[in-house]
Amino acid sequence: MFWKRFKKNKLAVIGGILVFGLFAVAIFAPLLAPYDPDIINMEQVLQSPGAAHILGTDDLGRDVLSRMIYGTRISLSIGFIAIAIATIIGVILGSISGYYGRLIDSLIMRLVDIMLSVPTFFLLLTVLAIVGPSIWIVMFVIGLTGWMSIARLVRAEFLTLKEREFVQAARSIGASDARIIFRHILPNALTPVYVSFILGVAGAILMESGLSFLGFGVQPPTPSWGNILTAGREYMEVAWWLILFPGIAIFITCLSYYILGEGIRQALDPKLKI
Amino acid sequence: MLNYLSKKSLELLITFFGITLVSFFLINLAPGKPTDAVSDLNPRMTPEIRAIYEKQWGLDKPVHIRYFIWLKNFSKFDFGRSFSSDSRPAWDKIKERLPITILINSISMFFIFLIAVPIGIHSAVKPNSLSDKLTTVGVFVGFAMPVFWLALILQLILGVWLNILPVSGIRSLNYENLSWINKIFDSMRHLFLPIFITVFGSLVGISRYMRSTMQEALSQEYIVTARAKGLPESKVVYKHALRNAILPIITITGLSVPGLISGSVIFETIFAIPGVGQLLYQAAMARDIHVIMAEVVIVSILTLFGNLLADIGYALADPRIRVK
């Protein structure tokens with residue numbers, strides 16, 4: 001049923017194919033990249049796109065296409081892991097909040113309000129500046145500041161689901177709270193989580209590229225789309241290709257995730273609101 | 001009404017202390033001290049001098065004591081001095097930079113609503129029309145677009161290649177010699193790109209939100225009643241539906257402040273605008289924790305104030321809220 005509805009949505013299918021394609025690029029990067037992304041060649045500095053270097057070279061003569069192919073690995077994994085962290089936190093806090101209600105619910109919801117009022121981007125920059133940026137810390141802090149909407153979604157599902165008969169049935173046969181939460185209610189509450197996970201990946205990729213752009217994300221020489229762009233900014237006036245292509249890569253990746261996520265949303269439940 | 005507002009204010013006060021608590025501990029417990037930047041690079045630095053240095057900045061006390069000291073000073077609006085070479089009070093540095101950031105964000109907010117609300121209404125009233133489909137595509141494009149990249153591309157095309165807009169700053173070099181009308185024109189030219197970028201960044205989210213609240217309002221029974229009694233469609237849409245659909249948008253206004261200010265960090269860095277966003281970037285680069293903490297607090301106050309205004313607006317517009 002899900003597949004039937006999903007396949008009807010041509011745009012979403014294209015989005016799905018693109019996302020799979022990007023993962024393939026990330027996995028097979030060493031096979032696809034025409035050059036070693038880290039090899040410096042001072043005789044080939046800032047070459048414009050041409051036959052030898054399809055997307056040109058950067059200020060150290062490195063091949064932009066190869067660096068972008070390797071950068072796919074960073075962007076995809078950061079997006080994925082950061083949102084996985086956010087989802088785990090959001091699901092746990094949302095479940096507890098929705099299931100137990102009362103004091104613990106108001107405490108958790110107040111924490112959500114606090115996190116939503118903090119300019120999280122400020123905190124991200126601050127923590128990265130103090131701790132020193134690394135891929136793991138970037139993933140972790142994006143995850144830590146992105147769980148609030150998922151917690152709210154899960155809590156809302158729990159509030160209605162916990163009143164249902166199957167929960168009462170489970171409780172009457174003496175199932176523990178943990179069992180009721182994780183085995184009975186949670187599987188039924190996950191539908192909006194799938195969708196917000198996929199949409200969240202796109203958001204995290206954008207966030208990482210923004211942080212890298214400001215110099216707080218993945219550090220060179222490791223190539224990421226954001227830091228290729230930053231390095232290219234200095235040479236923007238003479239080497240437009242250094243900023244054009246990484247931006248297009250970020251844009252297409254996020255667009256694919258969004259249309260895939262929207263397609264899944266419509267196929268799962270057309271009335272679902274995220 | 002008074003009851004409702006005092007309850008809201010109390011909630012905001014608690015939220016505010018939560019914010020200061022979370023950010024203070026996050027900033028201060030992260031490994032690395034702000035004095036490291038000076039002491040690590042100095043070959044003559046001994047542990048004794050380092051200790052004196054840390055004591056001078058009050059970094060020798062345990063973190064929870066420092067939080068209470070921070071709170072006490074905060075009550076006098078004293079955020080401590082900047083760790084940078086000018087050692088100015090953090091609040092002074094922020095104060096002089098606040099107006100330009102608030103100005104750009106307020107103008108942007110005005111345009112966001114001016115554009116997003118009609119788009120949202122239109123695509124809700126005429127679903128599946130060409131313009132609705134275009135809006136849907138526009139929403140995806142807008143969400144997926146890295147805004148800082150768009151800013152760079154526009155800077156390159158309009159500022160460098162076509163040379164029709166200034167690339168950075170808020171004033172031309174000859175600003176002082178211009179007549180007042182040219183001064184306004186000069187500022188407008190400088191602010192065009194930052195405002196365009198800010199509007200672009202938030203436009204899609206709010207128009208999409210407007211579309212969904214409007215759709216919801218239009219599916220209510222009172223709309224059926226209004227149509228059944230023969231009211232013209234324009235009255236049904238603009239009087240009956242819109243009044244209810246616009247309410248949630250007021251709340252979104254309050255919640256969109258952190259996003260707007262976060263955007264300020266990026267576009268102020270790109271366009272070299274001397275606002276609080278640029279200051280935060282510089283402070284973060286220099287691990288200037290007093291300035292960072294002051295920035296987080298000031299921006300949180302702005303956000304909470306935005307929320308309070310939104311709550312008041314909501315209560316004024318919707319009698320159900322104030323009675324309850």
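1. Leaving aside neighbours within four places in sequence, Glu262(A) is in contact with Leu199(A), Phe140(B) and Arg208(B); contact here means heavy atoms within 4.5 Å. The model is predicted, so local features need pLDDT of at least 70 and side-chain atom pairs count only at pLDDT 80 or more, while totals for chains, interfaces and linings use all residues. Residues are numbered from 1 along each chain as its sequence is written, chains are lettered from A and ligands numbered from 1 in the order in which they are written, and side-chain values use heavy atoms, with hydrogens and water left out.

2. Glu262(A) sits in helix H13 of chain A, residues 241–268. Helices (H or I, at least four residues) and strands (E, at least two) are DSSP runs, numbered from the N terminus. Is Glu262(A) buried or exposed? With a relative accessible area of 12%, Glu262(A) is buried. The terms are set as follows: buried is under 20% relative accessible area, exposed is over 50%, and partly exposed lies in between (1.4 Å probe, protein chains only).

3. The contact between the two chains takes 39 residues from chain A and 49 residues from chain B. The area buried between them is about 4,200 Å², and carbon and sulfur atoms give 79% of this. Buried area is the accessible area (1.4 Å probe) that two parts lose on being put together, summed over both. Phe140(B), Phe148(B) and Trp149(B) supply 15% of the area that chain B buries against chain A, more than any other three residues. Phe140(B) is also one of the residues in contact with Glu262(A).

4. Across the interface of chain B and chain A there are five residue pairs in polar contact, both residues at pLDDT 80 or more. A polar contact is a pair of N or O atoms within 3.5 Å; within protein, one must be able to donate a hydrogen and the other to accept it, and residues adjacent in sequence count only if both atoms are side-chain atoms. On the side of chain B that touches chain A, at least two residues come from each of helices H1 (2–29), H7 (130–144), H8 (147–161), H9 (180–218), H12 (257–270), H13 (276–285) and H14 (289–317) of chain B. H14(B) gives the most to this side, with nine residues. The residues of this side divide into 33 nonpolar, 11 polar and five charged. For this division, Ala, Val, Leu, Ile, Met, Phe, Trp, Tyr, Cys and Pro count as nonpolar, Asp, Glu, Lys and Arg as charged, and the others, Gly among them, as polar.

5. Side chains of opposite charge can pair when their charged atoms come close. A salt bridge is counted when a side-chain nitrogen of Lys or Arg is within 4 Å of a carboxyl oxygen of Asp or Glu.

6. Asp113(A) has a salt bridge with Arg110(A) at 3.0 Å, N to O. These two residues are separated by about one helical turn, because they are three residues apart in helix H5 of chain A, residues 102–117. Asp113(A) also forms a salt bridge with Arg152(A), the closest N and O atoms being 3.2 Å apart. This second pair links distant parts of the chain, 39 residues apart: Asp113(A) is in helix H5 of chain A and Arg152(A) in helix H8 of chain A, residues 148–161. Asp113(A) counts as partly exposed at 24% relative accessibility, and Arg152(A) counts as partly exposed at 37%.

7. In chain B, Arg88(B) and Glu96(B) form a salt bridge whose closest N and O atoms are 3.1 Å apart. Arg88(B) is partly exposed, at 29% relative accessible area, whereas Glu96(B) is exposed, at 51%. Salt bridges that share partners join Arg110(A), Asp113(A), Arg152(A), Lys8(B) and Glu11(B) into one network.

8. Chain A has 13 helices and zero strands. Along its principal axes, the C-alpha trace of chain A spans about 75 × 45 × 25 Å. Of the 274 residues in chain A, 52% are buried.
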